[in-house]
Amino acid sequence: MSGNEPTRRRVLRGAAAAGVAGVAGCAGGSDAGGDATTTTAGSETEAESEAATGTEATGTPTRASTDGSVRHAQVKSPLELDPVVATDRPSLQVVWQVFEGLYAYDEGTELVPKLAVDEPEVNDDATRYVVEVEADARFQNGEPVTATDVAYSFRAPVEEGTENVSELEMIDAVSVVDESTVQFDLNYPFGPFRHTLAWPVVPRAEREADRAAFSTESAVGSGQFRLVEFAEGERVTLARWDDYWDEPVANLAELEFVPIEEPTTRVTAFRTGEVDVFTQLPPKLYGTVEGMSDASIYEAPGPAYFHLAFNCREGPTADARVREAVDYTFSMDQAVENFIEPTGVRQYSPLSRPMAEAWEMPVDEWERIPHDRDLDAAKALFDEADVPDDYEWRLIVPPDDKRENIAVSVGNGLQELGFDATVTRLDWGTFLENFNTGNEDDYNMYMYGMWSRVDPDDTYYMFARTEDVLGVTQGTYYDGAAVSDWLERARRTADREERQRLYERALTRVLEDRVHLPSYNLKNNNAVKEYVRDFAAHPVESFHYVSSHNNVSVER
């Protein structure tokens, strides 16, 4: 997944030049963006060296040599540091260093108390959660973390109508029982609510004093790092909070995030030591980094789902036969092998393989649903659906080489059948204005990515027909009333067996209907210099600098 993926079901903003790519070739240039594993580097070939050094790290700020500091390159600049409104991945990667939730992730996807004293008290029908807040918890301005702050943090996104409303819509009321106790009453039993309780907590008084400033210059949390400077498009500088209320206090004195969008430039800056860590290795240069003798690659399974989505509202792709015909025009297996591996893996459903297996889904059955390339079969289905031979296909993609290359593979197959097909690469703002209109003139297909939590509930928002999703976070307009009903029922019960049954039924139906063609899941990978010790990749939060299981330091 790129730095501009929908995080927590939300699409991200970004900036790049709009352009059109012909389908005859592959894209080049920019690359938008379980347990962790580490790959230790080895020798490097001459060809790889040339690939990594061929582009100068133009515009990358020079690095101050300071003990106990790490400079981390992201694929995009953060946009805002207020967790009430932040939705994009780069922003959240910084937010997670400054803010904390009632609960925090361990080295995997299990939650442990953080600002909470212990596990929540839950009533019999799982519609009421009561949490006690740690008495010693403090914000970086010295003020205590209170139940009032917690309640405010959960109410604000809904009351302000932010893009994070869907994260919290299952909550009916948040009540302050006393200074250290908060009560959550839900509209219905919501199976993954424990993960919702990891929502970052902000100080009410500090944020309400100036919301705009809080998002850019005065963000205050309770985490191990405090904000020093945020210059959008240039850097975010964090410093260790020496008076951190809990353990461990960060080893690093300073942590700086810098955006380097061009993938080759990221690799070059890493090689020359201008950055110490960078996130999201480009597939073509993975071997280059793997071959560096002074670096390692840290990886964790990612929670993303990348796919080719169809306009099911207007145009030929509203017909399921046409969607199946498109599936025959190319080989998704081959496309993933060519353009994604080794930075990602083939995915056959909206659920990552680890999640699907944990929920005992019919993974083997789902793997048999997609077709391999068969142009004769595609032609027969196009003819059966009366698609005109002179139809002009429109595929749109965001500024991401990986997705563009897969869309080009589809376009090439359509052209071989005699159709006109255009793959249009849009800047993020334009893509977000067009991918969800449901208008045939805007798109027949689009390449999309969704970040999710560690529960199948997030699939609800890809296939629901509710007004809060159509035209917002998805542009398929799939008319699957039964599927929407099954997913809605699954999110309204805490019975895991019942949820599993409903999810299996719903997802099998949408895979057979080919609303999406599942494509790949990117690993959360990070290139790390050998002098950066105790770094940890993470399946949900990309990486951890300081946690219950690691504390990064620099040893030169």
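1. Two strands are taken to pair if DSSP finds at least two bridges between them, and strands (E, at least two residues), like helices (H or I, at least four), are DSSP runs numbered from the N terminus. On that basis strand E3 is joined to strand E13 (residues 277–279) by two bridges, in the parallel sense, with Val-277 of E13 as the bridge partner of His-72. E3 also pairs with strand E12 (residues 254–259), again parallel, over six bridges, and there Glu-254 is the partner of Ser-69.

2. Please keep in mind that this is a predicted model, in which local features need pLDDT of at least 70 and side-chain atom pairs count only at pLDDT 80 or more, whereas totals for chains, interfaces and linings use all residues. Residues are numbered from 1 along each chain as its sequence is written, and side-chain values use heavy atoms, with hydrogens and water left out.

3. Burial is the next point, where buried means under 20% relative accessible area, exposed over 50%, and partly exposed in between (1.4 Å probe, protein chains only). Six of the six residues of E3 (residues 69–74) are buried, so the strand is largely enclosed by the rest of the structure; Ser-69, Arg-71 and Ala-73 point one way from E3, while Val-70, His-72 and Gln-74 point the other way. Helix H2 (residues 89–98) is likewise largely enclosed, because nine of its 10 residues are buried, among them Arg-89, Pro-90 and Gln-97.

4. A nonpolar core is a set of buried Ala, Val, Leu, Ile, Met, Phe, Trp, Tyr and Cys residues joined through side-chain atoms within 4.5 Å. The largest such core has 77 residues, of which Phe-382, Trp-393, Ile-406, Leu-414, Phe-431 and Met-445 touch the most other members. Apart from it lies another core, of 72 residues, which includes Ala-116, Ala-151, Leu-238 and Val-528.

5. Helix H11 (residues 332–339) packs against helix H15 (residues 401–416) at an angle of about 145°, with the axes 10 Å apart; axes are lines fitted to C-alpha atoms, for helices over the stretch in contact, and angles run from 0 to 180 degrees between N-to-C directions. The contact (heavy atoms within 4.5 Å) is made by Met-332, Ala-335 and Phe-339 of H11 with Lys-402, Asn-405, Ile-406 and Ser-409 of H15.

6. An open sheet of four strands has the order E6-E7-E9-E8, with antiparallel pairing, and its edge strands, E6 (121–122) and E8 (171–178), each pair on one side only. E8 is joined to E9 (residues 181–186) by six bridges, and Ala-173 stands opposite Asp-185 in E9. Helix H3 (residues 147–159) packs on this sheet, touching E8 and E9, and its direction makes about 170° with that of E8.

7. Some backbone geometry deserves a check, given that most residues other than glycine have a negative phi, and most peptide bonds are trans. Cis peptide bonds join Glu-247 to Pro-248, with omega about 0°, and Glu-341 to Pro-342, with omega about 5°; Pro-248 is placed in the loop between strand E11 (235–240) and E12, and Pro-342 in the loop between H11 and strand E16 (344–346). Tyr-477 has a positive phi near 55° and counts as buried at 17% relative accessibility. Arg-514, in the loop between helix H19 (496–513) and strand E20 (516–522), has a positive phi of about 55° and is buried, with a relative accessible area of 6%.
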